[in-house]
Amino acid sequence: MPRAATYVSIIMLASPIISIIVAAHDLQGHLENCLNSILNQSFRDVEVIAVLDQSAECPADLVDDYARRDGRVSAVHLKGVVGISRIRNAGAEHATGDYLLFLDSDHIIGGATLQAIVDQLQDAKEPDILLFGHTRLHRRRSWPGAAAELLARQGREPFAPIDQPELFGAPAYSWDRLFRRDLWTRQGLAFPDGFYEEVAVVHRAMLAADRIGVLKWNCVQIRRRHTQHPAGAPGGTHFDVFARYEESFGLLEERNALDVVAPFLFTRMIRHYLFLLNLEGCLSRTERPEFFDRASEHYRRFLPDGYKRPEGREGVKFQLVGSGKYSAFEAARLPQLARSFVSQGATVRGR
């Protein structure tokens, strides 16, 4: 009997392998599905840290009920409305697991996902970061993540980030990768206030990692059209994105990785700016010229020597941003806007 009691106490004191930090800002009512998708996994050595601020979209009663019913769930209640960055930071501070996984309330993970992740962590000799795929469910159709082709080309062996610089051309999301917690704390990583909080943090983690592994699974499904978290951050603006990429390019210089990584990060940066310029409702009519000018200035400032633009239509858009001529950029968008209008009209008529 004493031996059994000692064994149980050791198990209870052991740290979980994965700490899953869930930002419980539930604008679309998916939080319950998110939590169930985690807790119903066959692999159970996890802790779930659901973090809420005092926003009206954070269902405290729901989260507290899960915490009462399942000992793996803990609820962290923050004072005031603080936004996604501080929510995630608070979750990381409470985590005790070997690895951190950041999820939002509209993320779903498949039934065998956590076991596959842990198996790959072991096969890859416990890398500092494990990358995996994701899909996006929109209008009842599942779309592959932007990094799908890049991940498909990777082997199973871990690698140094500079050995695969093309991965810096993928979107910098915090929820399509695991971070080793001691890397996170050792580097003093934290999400900044404002919008696009993930960009420089993910790049800093990638550059600090000794070994990165890849799992060629679509582990997470996101159930909203775009990637920006609906909680945002109080006082944040879309212009915050420029400071994020300035920091990332500064990191490349600090790490002597500019020559190798810059072409891929530059492509990602301009694609991000073009996405925001083309995203309906993102920038007001008065903000658009200033945003374009800032994007054009970054194009000229960070353009790598010998850089080759993407081919086709995308390359033309890159060239227009580099030219700094906003009127030409807007004129080139008119046919696209007209096609979009016709397509929307056809959709409405076809209902």
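Let's start with helix H9, residues 240-254: at 1.5 Å a residue its 15 residues should span 21 Å, and its end C-alpha atoms lie 22 Å apart, which agrees. The expected span here is 1.5 Å times one less than the number of residues in the helix. Helices (H or I, at least four residues) and strands (E, at least two) are DSSP runs numbered from the N terminus. This is a predicted model, in which local features need pLDDT of at least 70 and side-chain atom pairs count only at pLDDT 80 or more, while totals for chains, interfaces and linings use all residues. Residues are numbered from 1 along each chain as its sequence is written, and side-chain values use heavy atoms, with hydrogens and water left out.

Which residues of H9 are buried? They are Asp-240, Val-241, Phe-242, Arg-244, Tyr-245, Ser-248, Phe-249, Leu-251 and Leu-252. Buried means under 20% relative accessible area, exposed means over 50%, and partly exposed is in between (1.4 Å probe, protein chains only). The cover over the buried residues of H9 includes helix H8 (198-208), helix H10 (258-278) and helix H11 (287-302). Just after H9 comes Asn-256, with a positive phi of about 55 degrees.

## The protein as a whole

Stepping back, the protein has 13 helices and nine strands. Of its 351 residues, 51% are buried. The protein exposes about 17,300 Å², and carbon and sulfur atoms supply 51% of that area; accessible areas come from the Shrake-Rupley method with a 1.4 Å probe, and for residues only the protein chains shown count as cover.

Contact means heavy atoms within 4.5 Å. Among contacts between residues at least 6 apart in sequence, 80% join residues at least 24 apart.

## Helix H4, an enclosed helix

Helix H4 covers residues 84-94, and eight of its 11 residues are buried, so it is largely enclosed by the rest of the structure. Those buried residues are Ile-84, Ser-85, Ile-87, Arg-88, Asn-89, Ala-90, Gly-91 and Ala-92. What covers them includes strand S1, strand S2 (46-52), strand S4 (99-104), helix H7 (181-186) and helix H8.

Leu-178 lies in strand S8, residues 177-180. With 0% relative accessibility, Leu-178 counts as buried. Leaving aside neighbours within four places in sequence, Leu-178 is in contact with Ile-18, Tyr-99, Leu-100, Leu-101, Ile-117, Leu-121, Asp-128, Ile-129, Leu-130 and Phe-132. The C-alpha atoms of Leu-178 and Ile-20 are separated by 9.5 Å, and these residues are 158 residues apart along the chain.

His-30 sits in the loop between strand S1 (18-23) and helix H2 (31-39). Is His-30 buried or exposed? His-30 is buried, with a relative accessible area of 18%. Leaving aside neighbours within four places in sequence, it is in contact with Ser-105, Asp-106 and Arg-223.

## A loop with positive phi

Most residues other than glycine have a negative phi. Lys-125, which is not a glycine, has a positive phi of about 60 degrees, and Glu-126, also not a glycine, has a positive phi of about 55 degrees. Lys-125 is in the loop between helix H5 (113-123) and strand S6 (129-138), and Glu-126 is found in the loop between H5 and S6 too. Lys-125 counts as exposed at 54% relative accessibility, while Glu-126 is partly exposed, with a relative accessible area of 45%.

## Cavities and a pocket

On a 1 Å grid over the protein atoms alone, a cavity is a set of points where a 1.4 Å probe fits but cannot get out, and a pocket is an open set with protein on both sides within 12 Å along at least five of seven lines; lining residues have an atom within 4 Å of a point. Grid points are joined across faces, edges and corners, and a volume is the space filled by probe spheres set on the points. By this rule there are four cavities of 30 Å³ or more. The largest cavity holds about 80 Å³ of space, and its lining includes Leu-131, Phe-132, Asp-176, Arg-177 and Met-206. That lining divides into eight nonpolar, no polar and two charged residues. Here Ala, Val, Leu, Ile, Met, Phe, Trp, Tyr, Cys and Pro count as nonpolar, Asp, Glu, Lys and Arg as charged, and the others, Gly among them, as polar.

The second largest pocket holds about 370 Å³ of space. It is lined by 14 residues, of which Leu-150, Glu-166, Gly-169, Thr-267 and Arg-271 lie nearest its centre. Helix H6 (148-152) and H10 are the elements that give two or more residues to this lining, and the largest share, five residues, comes from H10.
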